Amino acid sequence: MGETLLAPYAAELAERLLENGHFVSIVTNGTITEKIQAFLKFSQDFKKRLFFKFSFHYLELKRLGMLDLFFANVAAVSQAGISFTVELTVNDETVPDIPKIKELCNERINAYCHVIEARNNNDGFSRLTKFTEKEHQKYWETFESLLFKFQQKHWMVKRREFCYAGDWVISLDAGSGWITPCFAGGIPIQNVFEDITEDIHFMALGCNCQWTHCYAAYVLLTSGVIPDIDAPAYATFRNRCTSEGKEWLTHEIKKFFSEKLYEDNAVYSKQKKEWINILNSIIYSQNYPTDIPNDILYSMQENLRKKGIKKVAVYGSRETEMWMYGVLSRIGILCRYGLVLVDDLEDRKMYSVKNLIKYPVKRIWEHKSGLPLLMQQDKLPNVDLMIVCDTKEASRCRQMLRGKVDRIAVWNELVE
């Protein structure tokens, strides 16, 4: 929620990621020289895969007398062979200074800076300007930034195509370990720090984007997160060719930023897309469809048959357990019980008086559904698979059922 390089571990985290073969992008206001110098000490191999996005806060830098410091740090990064871009967030207050900014950029970085749209987070990510759309675009298009031009084309356009955010792209909170489908948020998928041996149960968002429009389209759409949309490469919006004929991006970064996610990741089958959309309609809208298409049921049946799955148990909310129980019944899979995991103090208190609470609850549940409701402390009937109807609960479920259930799968993995 602030300047990236204020985090004391920023350089070390970037170095560890680079050691593991990743490409790393750093977003900074370019004023913390000491921290920037730490990156300049990296090996040349690491520098080739490192990228700095300098957020150009012109008015603040001017007010504080830090313009020279900012551009000196940009020059230091460039001279070290590290890729960079300079990007100004458009705002009404800066409009009178546009000619000065363009002149300054030509003097200091031999090209105009890129400009990026400002969004109003309190109003559906609308443009943050008092000008008319036409006036707003007229002022900022003079920077000849393809980034800004692309944003204008896609701003406030609701995305209804199948999006692979949550699978091909995730957002990780490095402080807590929670991952969400994209940096616009969404319901958490999993906490990857709870158990680092647990597989990450990636789950695409599909046609269930909750936002008015993809305000990060310049990153996500250009990277190919929605294969159905033809968009230029992300490198186009980060690079500039200077008056000296030098590019801001190194060969390695330019190549990487030009790749598309669908070139390296398998697209879903028609059945899996439909299945993911059904599950997300439950997650985001609490809509439990009863008319599951036959081709999805057949795909699930074949997938489970190939793995020798005949008897299962389910874990999730009462509603999802019952819904999944109904789906499995249609393909001849025996669901032996629904599971309740009891691990917090309040639950332990509630379930400690077994005869008064646990068994009446089980009897009521079985009477209404025909599906026994058991806790992990009970003697659990043998099953071939535990189906977890919530990706973020998979790690907890595996830990608490260790020695009782051998195989666990998350519901989005049932259809291939």
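**Figure 1. The axes of helix H12 (residues 294-306) and helix H13 (residues 318-330) cross at roughly 80° and come within 10 Å.** The model shown here and in the other legends is predicted, so that local features need pLDDT of at least 70 and side-chain atom pairs count only at pLDDT 80 or more, whereas totals for chains, interfaces and linings use all residues. Residues are numbered from 1 along each chain as its sequence is written, and side-chain values use heavy atoms, with hydrogens and water left out. Helices (H or I, at least four residues) and strands (E, at least two) are DSSP runs numbered from the N terminus, while axes are lines fitted to C-alpha atoms, for helices over the stretch in contact, with angles running from 0 to 180 degrees between N-to-C directions. H12 and H13 are therefore roughly perpendicular to each other, given that angles of 65 to 115 degrees count as roughly perpendicular, those under 35 as roughly parallel, those over 145 as roughly antiparallel and the rest as oblique. On the H12 side the contact (heavy atoms within 4.5 Å) involves Asn294, Leu297, Met300 and Leu304, and on the H13 side Val327, Leu328 and Arg330. By class, the residues of this contact between H12 and H13 are 5 nonpolar, 1 polar and 1 charged, where Ala, Val, Leu, Ile, Met, Phe, Trp, Tyr, Cys and Pro count as nonpolar, Asp, Glu, Lys and Arg as charged, and the others, Gly among them, as polar.

**Figure 2. Helix H2 (residues 33-40) packs with helix H5 (residues 67-79) at an angle of about 5°.** The axes of H2 and H5 lie 10 Å apart, and the angle makes H2 roughly parallel to H5. Thr33, Ile36 and Leu40 of H2 meet Leu69, Asn73, Ala76 and Val77 of H5, and the residues of this contact comprise 5 nonpolar and 2 polar, with no charged residue.

**Figure 3. The largest cavity has about 170 Å³ of space.** Its lining is made of 18 residues, and those closest to the centre of the cavity are Cys163, Cys182, Cys209, Cys214 and Leu220. The lining of this largest cavity divides into 14 nonpolar, 2 polar and 2 charged residues, and the structure holds 4 cavities of 30 Å³ or more. On a 1 Å grid over the protein atoms alone, a cavity is a set of points where a 1.4 Å probe fits but cannot get out, a pocket is an open set with protein on both sides within 12 Å along at least five of seven lines, and lining residues have an atom within 4 Å of a point. Grid points are joined across faces, edges and corners, and a volume is the space filled by probe spheres set on the points.

**Figure 4. The second largest pocket has about 340 Å³ of space.** Of the 23 residues that line this pocket, Ile283, Cys389, Asp390, Lys392 and Trp411 lie nearest its centre. Helix H11 (residues 270-285) supplies the largest share of the lining, with 4 residues, and by class the lining of the second largest pocket has 14 nonpolar, 6 polar and 3 charged residues.

Figure 5. Tyr284 counts as buried because its relative accessibility is 16%, the cut-offs being under 20% relative accessible area for buried, over 50% for exposed and in between for partly exposed (1.4 Å probe, protein chains only). With neighbours within four places in sequence left aside, Tyr284 is in contact with Pro181, Gly186, Ile187, Leu205 and Gln210; the C-alpha atoms of Tyr284 and Pro181 are separated by 13 Å, and the two residues are 103 residues apart along the chain. Thr180 likewise counts as buried, at 16% relative accessibility, and, residues up to four places away in sequence not being counted, Thr180 touches Ile170, Ser171, Gly185, Gly186, Pro188 and Ile189.

**Figure 6. Asn110 has a positive phi of about 60°, and Gln286 has a positive phi of about 55°.** Neither value belongs to a glycine, and most residues other than glycine have a negative phi. Asn110 is found in the loop between helix H6 (98-109) and strand S4 (114-116), where a relative accessible area of 23% leaves Asn110 partly exposed. Gln286 is found in the loop between H11 and H12 and, at 54% relative accessibility, counts as exposed.
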